[in-house]
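This report goes through selected side chains of one protein and the contacts they make. Please keep the sequence and the structure open while reading.

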Amino acid sequence: MKEPFWRTLSARILFAFAVVILTFGVTTTLTVIYIADVGREIAVIRRGYVRLALDAKDLARRQEEVKAYLVDDLPSETSAARVQFRLSALRSRRLHVLGELQRTLDSLTTFPPRHAQRIADSRAMVTALTEAIAATAGDYAALAAKPPLLDASGLVAPNAAYERVRDVERRTIGVKVVELAEFEERILASTALTLENNERRLRRYTIFLGCSAAFVGLLMTLWAAFTISPLRRLRLAAQRMAAGDYGAQVAEQGPIEVSGLARDFNAMSRAVEVRERELVRSERLAAVGKMAAGIAHEIRNPLSSISLNAELLEAGPRSADDAEWHASWRPTCQAITREAERLNNIVEDYLAFARLPTPRLVPEAIDALITNATRLVAEDIKARGISFTLALGAPQATVMADEAQLRQVLLNLLRNAIEAVGHAASPAIELTTAVVGNRVEICVADNGPGITADTKPHIFEPFFTTKAQGTGLGLALSQQIILDHGGELAVRDAPGGATLAIRLPLLPK
């Protein structure tokens with residue numbers, strides 16, 4: 001089953017980097033938006049409020065000039081042409097400044113929404129001021145046509161147009177101009193203060209976002225480090241294996257790649273441990289074999305002499321006196337002969353162990369091979385009063401085997417089983433075959449005392465035995481034969497007695 005992509009190491013690292021990039025992207029975007037907003041504030045100040053405040057101040061000065069002329073200078077004028085010129089010039093300059101105000105307001109097409117009301121109020125005040133100034137056009141025309149000049153007696157003749165213009169300029173237009181100038185000055189000061197506050201907020205905001213982004217980046221870095229931490233366990237386990245700890249295992253946890261690598265490492269560790277154990281065992285067996293061959297060679301010749309002399313002594317007397325003497329020693333000579341024969345059998349076992357040949361593998365039908373191998377021993381088992389069951393369940397199974405060596409293994413296992421059930425109330429031995437996967441399994445089971453937990457790890461070691469007179473080579477020799485066949489010989493857990501299982505690879509059909 002294909003694992004989901006999000007469980008992979010690459011997906012998790014990609015996610016961590018994506019979160020970091022997204023965090024910095026959001027931080028950058030928000031900062032840019034805030035800076036852009038501050039930039040629009042600055043633009044409104046630079047292109048709008050500063051110019052409006054300056055023009056409003058200029059308009060106030062122009063208005064003050066008009067009012068000063070009407071109140072202070074015009075009553076002392078003696079020339080109508082001069083009055084017309086001065087009024088026209090002063091009013092033109094004032095209208096020019098008023099036009100600049102209107103153009104500045106018209107240029108403010110884009111601005112932050114919070115400035116809409118302020119700009120609308122400025123437009124309304126400029127419009128009202130323009131209308132008020134336009135309303136005085138008739139009175140100014142009448143005043144220009146008939147200005148209040150000094151007469152010969154030094155008195156000014158009454159003039160209604162002059163009174164109306166002076167009153168409007170002082171009480172209406174003058175007040176509106178002052179209000180406009182003060183309003184624009186307040187707006188400029190307020191906007192500048194807001195801009196300062198925004199600058200401080202922007203600095204704090206940028207610091208906060210930067211710290212947040214750095215914190216998220218640190219979290220993602222720690223998370224990524226935690227995600228790949230199993231790799232460190234793998235490295236340490238590899239170092240332990242290199243140091244000789246071939247059973248080093250690591251937890252098969254983490255992302256798919258890491259857990260898969262851990263499984264492969266554990267499998268490799270177990271395989272290396274098995275191979276190392278087999279290598280040590282092979283080297284030990286080789287050394288033991290050489291030693292056994294040397295000892296057997298040295299023992300065999302004197303053992304033959306002892307056996308021969310014992311037989312000569314046992315052969316019988318030549319005279320009556322000799323008969324009496326030999327009668328007392330005959331049992332001793334027979335004991336010597338029996339023990340020499342037993343020692344000779346042990347020597348033969350040692351030599352067989354030392355000279356174990358390479359198996360000559362040919363295709364063999366496993367059930368037929370077992371039937372032939374157990375034909376004679378089955379009768380001996382039954383003669384001992386032991387129940388023997390032969391259950392063959394692999395009629396089509398064929399393996400590559402050396403028939404003689406495999407028979408030797410089977411007979412050895414059966415002999416061990418016979419000895420194991422010697423004191424059982426109802427002794428029984430069962431030999432079964434079955435196909436398990438791509439292997440055939442041969443099991444020899446008995447209902448004897450079984451194999452203890454302390455004994456189980458050592459039963460295949462050379463010279464290890466629980467028998468009073470055993471050599472400890474039978475199972476070691478059997479295991480080596482099965483290993484040379486590419487199989488395995490193992491003890492299977494059973495509720496009672498002991499079960500030894502031979503597993504051999506099947507020959508493909």
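Asp446 is found in strand β5, which covers residues 439-446. The model is a predicted one. Asp446 counts as buried because its relative accessibility is 10%, and buried means under 20%. A polar atom of the Asp446 side chain lies 2.9 Å from the backbone nitrogen of Gly448.

## Ser107 in helix α2

Ser107 belongs to helix α2, made of residues 80-107. With a relative accessibility of 30%, Ser107 counts as partly exposed. The side chain of Ser107 reaches the backbone oxygen of Thr104, at 2.6 Å.

Ser107 can also be placed relative to another part of the chain. Gly48 is 59 residues away from Ser107 along the chain, and the C-alpha atoms of the two are separated by 8.1 Å.

Side chains of opposite charge can pair when their charged atoms come close. How many salt bridges are there? The count comes to 15 salt bridges.

Is Asp58 buried or exposed? Asp58 counts as buried because its relative accessibility is 17%, and the limit for buried is under 20%. Arg62, at 22% relative accessibility, counts as partly exposed.

Glu64 forms a salt bridge with Lys67, and here the closest N and O atoms are 3.6 Å apart. These two residues are separated by about one helical turn because Glu64 and Lys67 are 3 residues apart in helix α1. Glu64 has a relative accessibility of 44% and counts as partly exposed. Lys67 is partly exposed too, with a relative accessible area of 25%.

## A salt bridge between two helices

Another salt bridge links Asp139 and Arg164, whose closest N and O atoms are 3.1 Å apart. Asp139 lies in helix α4 (residues 137-145) and Arg164 in helix α5 (residues 160-227), so this pair ties together parts that are 25 residues apart in sequence. Asp139 is buried, with a relative accessible area of 17%. Arg164 is partly exposed, and its relative accessible area is 42%.

Salt bridges can also share partners. Asp58, Arg61, Arg62 and Glu65 are joined in this way into one network.

## Rings and charges

How many aromatic pairs does the structure hold? The number of aromatic pairs is 0. A ring does take part in another kind of arrangement, in which the charged end of Arg91 sits over the ring of Tyr140. The distance from that charged end to the centre of the Tyr140 ring is 4.1 Å.

## A nonpolar patch on the surface

Which residues form a nonpolar patch on the surface? The patch consists of Leu22, Val26, Leu30 and Ile33, and together they have about 350 Å² of accessible area. Leu22 lies in helix α1, which spans residues 9-73. Leu22 counts as exposed because its relative accessible area is 57%, and exposed means over 50%.

How values were computed
Residues numbered from 1 in each chain as written. Predicted model: local features only at pLDDT ≥ 70, side-chain atom pairs only at ≥ 80, totals over all residues. Heavy atoms only, no water. Phe/Tyr/Trp six-rings, centres within 6.5 Å; stacked < 30°, edge-to-face > 60°. Lys NZ or Arg CZ within 6 Å of the ring centre and 35° of its normal. Patch = residues over 30% accessible without salt bridge, like charges linked within 9 Å, V, L, I, M, F, W, Y side chains within 5 Å. Areas by Shrake-Rupley, 256 points an atom, 1.4 Å probe, with all protein chains shown as cover. Salt bridge = Lys/Arg side-chain N within 4 Å of Asp/Glu carboxyl O. Helix = DSSP H or I, 4+ residues; strand = E, 2+ residues; numbered from the N terminus. Buried < 20%, exposed > 50% of the residue type's maximum accessible area, 1.4 Å probe, protein only. Polar contact = N/O pair within 3.5 Å; in protein donor to acceptor, adjacent residues only side chain to side chain.
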